[in-house]
Structure formats: C-alpha cells, structure tokens
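Here is a short briefing on one protein model. Keep the structure open while reading.

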Amino acid sequence: MTKIKIGLLECDHVRDEFRHIAGDYRDMFPALFMPLAPEWEFVFYDVANGHFPASVDECDVYLCTGSKSSVYDDEPWIRDLKAFFRQIFAQQKIFLGVCFGHQMLAEALGGKVQKSAVGWCVGIHEFKMLDGERTAWMNPPKESLNLLMMCQDQVHQLPPDSTILASADDCPVAMFRVGERMLGVQAHPEFPLPYEEALMRSRVERIGAEKTAKGLESLSRPLHSTLMAQWMVAFVKSVL
C-alpha cells in the first residue's frame, strides 16, 4: 500500500482541561481518517507556533485545522500561513480545510471572511448539498449531512474559481471548492460529541444561553461526521 503523506497544519491546540476527552487535534484527525484511509500518514506542523514545512513538497496533501483565532487577525503566523496557502495553490497541491482552514482557503486566495450577522453557529447543523454540484466523490450520495459547527466567522466572499457545494440555514457557504484540488468545509467532522458539548458549556457567556441550549439539544440528532470524512478521502483519491 502506497503511503500518502498528510500535512496537518495545526492552527490551535485543545485546552488542557479538555485533553482527556479525545486528546489534541493531532489525535482527533487521525482517529477520524485512519479507519477510512489506513494509507494516510500524518505529519504534524504546529503553524500556530511558527513551525511550517520547509517545502510545500514535504507532503502530498495538506489539511488545516480550526482555530480560536480569525483568519483576518494581524498575527505573524497567520500572515505566514496565508503565504503558504498561496504556495499550495500555485503548486497544485491537494488541500482540505475545516472551519478556520475552510475560511483561510477563502481569505488567502482573494475571498473575504468576517463575523456572521447570525452570531455563533454551534451544535449540529444541516448542510444541504446544492443541486447540480454533487460529484462522484460524494459517495454514497446524500442530499444533506448533519455536521457539528463551532464558529462565529464565515466566508462572505469566495475567491476566484470557486464553487459552493453545500449551504446551511445560518451559513450560506458551508462547503466549497477552489478548482478541483482544494476543499473547505465550515463544519468540524473531527470533533467527538463530548468535546463539542464541553466547548459549548465552557462558552455560554460568549455564545449566549439560548443559542447554547439549542446547540446542546441538537446533539441528539443523527450525525454524519464519518460520511463527511469518507467524502473527503474520496475527494483526495479523485485528484491524486
């Protein structure tokens, strides 16, 4: 089996008090993908602390995590990450982005990200696939996916050569691609339910009591994180 090197661009870390749930993000992502793609070999880059690949060619695929930061924050590592994204794009590397990574895909390539007028999106949301944009890698096909969200920033303007693939009621750009090799999803398929719940309970003052209550209630709905991961693996295979 030919190994595929996946560069995980770590844009944040799980707080110490939550590590007992499912570890750090470098634990959550392999736990999600390895049962579906045992040929994936993860390499970790703590970009939030300035540790970047020496060359874009170090990995076959790059996967960018979520973050407590915003893609428009004026921080050195965020500026460096935008420059690295442009290298990924220029060299036609395969890219997967979740939440902050999804937003960075837009912002770095000429789109626009800003705080959403609806405020926080938390808990399980329905991502509706757009008619006419379903492709072979979305297999098995499904008209909508229930996915976990934890964000207040959203993509408001797409970069050039982009296509929206899915929308949610409170998130018009829920999933999109740039060209054929770069995919972003605003959801967190890597989050286990207990971690999402712990985050919501720790952020009630920021999220708001009513929205938090609705988010917690939503956690009883069916969840399609594994199917989303299956689609992401198929997306990678479709362009390798």
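The model is predicted.

**Largest pocket**
- Its volume is about 440 Å³.
- Of the 25 lining residues, Asp-12, Ser-67, Lys-68, Ser-69 and Arg-203 are the closest to the centre.
- Helix H4 (100–108), strand E7 (144–151) and helix H5 (193–202) each give two or more residues to the lining.
- The lining of the largest pocket splits into 10 nonpolar, 8 polar and 7 charged residues.

**Second largest pocket**
- This pocket has a volume of about 310 Å³.
- It is lined by 15 residues, with Val-122, Ile-124, His-125, Asp-170 and Lys-214 nearest its centre.
- Strand E6 (121–129) and H7 each supply at least two lining residues.
- By class, the lining of the second largest pocket holds 5 nonpolar, 3 polar and 7 charged residues.

**Nonpolar cores**
- The largest nonpolar core has 58 residues, and Phe-33, Trp-40, Phe-127 and Val-185 touch the most other members.
- H8 gives the most to this core, with 9 residues.
- Another core, of 28 residues, lies apart from it and includes Ile-78, Phe-84, Phe-100 and Val-155.
- Beyond its neighbours within four places in sequence, Phe-127 is in contact with residues including Leu-145, Met-149, Ala-166 and Val-185.

**Helices H8 and H7**
- Helix H8 (residues 225–239) has 15 residues and spans 22 Å from first to last C-alpha, close to the 21 Å expected.
- Among the buried residues of H8 are Leu-227, Trp-231, Phe-235 and Val-239.
- Thr-212 is in helix H7 (residues 209–218).
- Thr-212 counts as buried because its relative accessibility is 3%.
- Leaving aside neighbours within four places in sequence, Thr-212 is in contact with Met-200, Val-204 and Ile-207.

Methods. Residues numbered from 1 in each chain as written. Predicted model: local features only at pLDDT ≥ 70, side-chain atom pairs only at ≥ 80, totals over all residues. Heavy atoms only, no water. Helix = DSSP H or I, 4+ residues; strand = E, 2+ residues; numbered from the N terminus. Expected span 1.5 Å × (residues − 1). Buried < 20%, exposed > 50% of the residue type's maximum accessible area, 1.4 Å probe, protein only. Core = buried A, V, L, I, M, F, W, Y, C linked by side-chain atoms within 4.5 Å. Contact = heavy atoms within 4.5 Å. 1 Å grid on protein atoms, 1.4 Å probe; cavity = no way out; pocket = protein on both sides within 12 Å on 5 of 7 lines; lining within 4 Å. Points joined across faces, edges and corners; volume = space filled by probe spheres on them. Nonpolar A, V, L, I, M, F, W, Y, C, P; charged D, E, K, R; others polar.
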